[in-house]
Amino acid sequence: MRATEIASAVTARQTTAMEMAEQALARIAASNLNAVVTTDPERTRADAEAVDRRVASGETLPFAGVPVVVKDNIWAAGWRITQGSRLFADFVAPEDAIAIARLRRAGAVIVGIGATSEFACKGVTTSLLYGPTRHPLDPRLTPGGSSGGPATAVAAGLVPLAIGTDAGGSSRRPPAHVGVVGFKPSYGAIPYGPGFAEPFWRISVIAPIAADVADARLAFEVMAGADPRDPDSLNLPSTAARTPFRLAFSPRLGLDVAVDDEVRAGLQQAVDRLRASGLAIEDKDPIWPADLAEDAVMPLQHAGLAALYGEAFRSDPAQFDPDIAKQIERGLDLSGVEVGRALEASTQIARAFAAFFTDVDVLLAPTVPCVAWQFTQLGPSEIGGKPASPRAHAVFTPFANHAGVPAISIPCGVNSQGLPFGLQLIAARGHDRMLLDVAVNTERVLTGPI
């Protein structure tokens, strides 16, 4: 059942929040994917019982009884939240993040905590604390990262909704790899915190992951809106009135990067189908500053990790995932000038996207250039028949974070082995509701009869 269907059924007394919670807990217990790393059945049952009392008293709750998994780097009061790190193995969140409090007020019931890579800083969901999360279609593969646990929990049918974070594609790439929807709102659209200090300066957002756009949209509406505790939070305008929307397709996002043939062909087929439905979609690439690539902004992540955890790393390197340790070491070696250059590159990305969206409303592009790969590797060894660097699988998502713009990944096809990939829709900052309007229609066309 979708989240909206569960809420309707609980509200109509056709089922109860307790029954929905028990079923979700049973599914999680029976799963061997390591998508949900922490459960607290008694806490979940108490929360479900409270929701049933609220429904019985006549409250109308948008998420009445909906089981939710929360990523292991977002605070949920009373839950063990570790960031996938041994440093926080025994940490219990003292309060809810604003977004989680809003979900709970809307009737959602947390049934577990979803796996993340350490500090959400890796494109594969694995950690020294919990081990690897497996792909729901093939346990030899990874769902990607860092929101691999939440995405897998939804794709495997453990829950209809999960809440992740996205600082470079972490809640768009895993959904693309497992065949569900991941929505990265505009920076500030959903208040951030209270919670852990972020290694990603002013780019990370809370992101709903769901089986369809409607559920992701409802979660966004429940969590969105300014809060005085987050100075970057803002209220967004309602859906734009202009129609038809101006759409563009960029098969490589204007970048000189490799894409698997089957992914490229599948994306083109999806766009052709959208055009055949009557949508006018021009071919148009964003224009980036010369030689700009994700490598130009990665020093910000490395410096952020070093600032937060450099001293702990020096004291006991064995506490850290070796791949995270390398990032911290790089951060410790960076100069102020190098960090300044990375900040300037981030600014240039934002300016380039802003210029692009002056005459385009929504950009269609790949979410990922490849399908899922072996969970023991940081990335696939090849993409598009060419040797691939460890971050080559992530080339199409980080620019949206540095620009602060909304982006959503929706399933659009599978390769010859049945492994999914996604179509990414991107809009100007603040136009989240307009983007979701387009995404609903896009999903309808791509999932409807040919």
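This is a predicted model: local features need pLDDT of at least 70, side-chain atom pairs count only at pLDDT 80 or more; totals for chains, interfaces and linings use all residues.
1. Helix 9 provides the largest share, with 3 residues.

2. The volume of the largest cavity is about 220 Å³. Sorted by class, its lining residues comprise 11 nonpolar, 6 polar and 4 charged. In total, the model holds 2 cavities of 30 Å³ or more.

3. The second largest cavity has a volume of about 160 Å³. Its lining consists of 23 residues, and Asn73, Thr165, Tyr192, Phe196 and Glu198 lie nearest the centre. By class, this lining has 13 nonpolar, 8 polar and 2 charged residues.

4. A separate point concerns the packing of two helices. Helix 2 (residues 17-30) packs with helix 3 (residues 41-56) at an angle of about 155°, and their axes are 8 Å apart. Angles over 145 degrees count as roughly antiparallel, and helix 2 and helix 3 are therefore roughly antiparallel to each other. The crossing in which helix 2 passes helix 3 is right-handed.

5. On the helix 2 side, the contact is made by Ala17, Met18, Ala21, Glu22 and Leu25. Helix 3 contributes Pro41, Thr44, Arg45, Ala48, Glu49, Val51 and Asp52. The contact of helix 2 with helix 3 has 7 nonpolar, 1 polar and 4 charged residues by class.

Technical notes: Residues are numbered from 1 along each chain as its sequence is written. Side-chain values use heavy atoms; hydrogens and water are left out. On a 1 Å grid over the protein atoms alone, a cavity is a set of points where a 1.4 Å probe fits but cannot get out, and a pocket is an open set with protein on both sides within 12 Å along at least five of seven lines; lining residues have an atom within 4 Å of a point. Grid points are joined across faces, edges and corners, and a volume is the space filled by probe spheres set on the points. Helices (H or I, at least four residues) and strands (E, at least two) are DSSP runs, numbered from the N terminus. Ala, Val, Leu, Ile, Met, Phe, Trp, Tyr, Cys and Pro count as nonpolar, Asp, Glu, Lys and Arg as charged, and the others, Gly among them, as polar. Axes are lines fitted to C-alpha atoms, for helices over the stretch in contact, and angles run from 0 to 180 degrees between N-to-C directions. Angles under 35 degrees count as roughly parallel, over 145 as roughly antiparallel, 65 to 115 as roughly perpendicular and the rest as oblique. A crossing is left-handed if the near helix is turned anticlockwise from the far one by less than a right angle, and right-handed if clockwise. Contact means heavy atoms within 4.5 Å.
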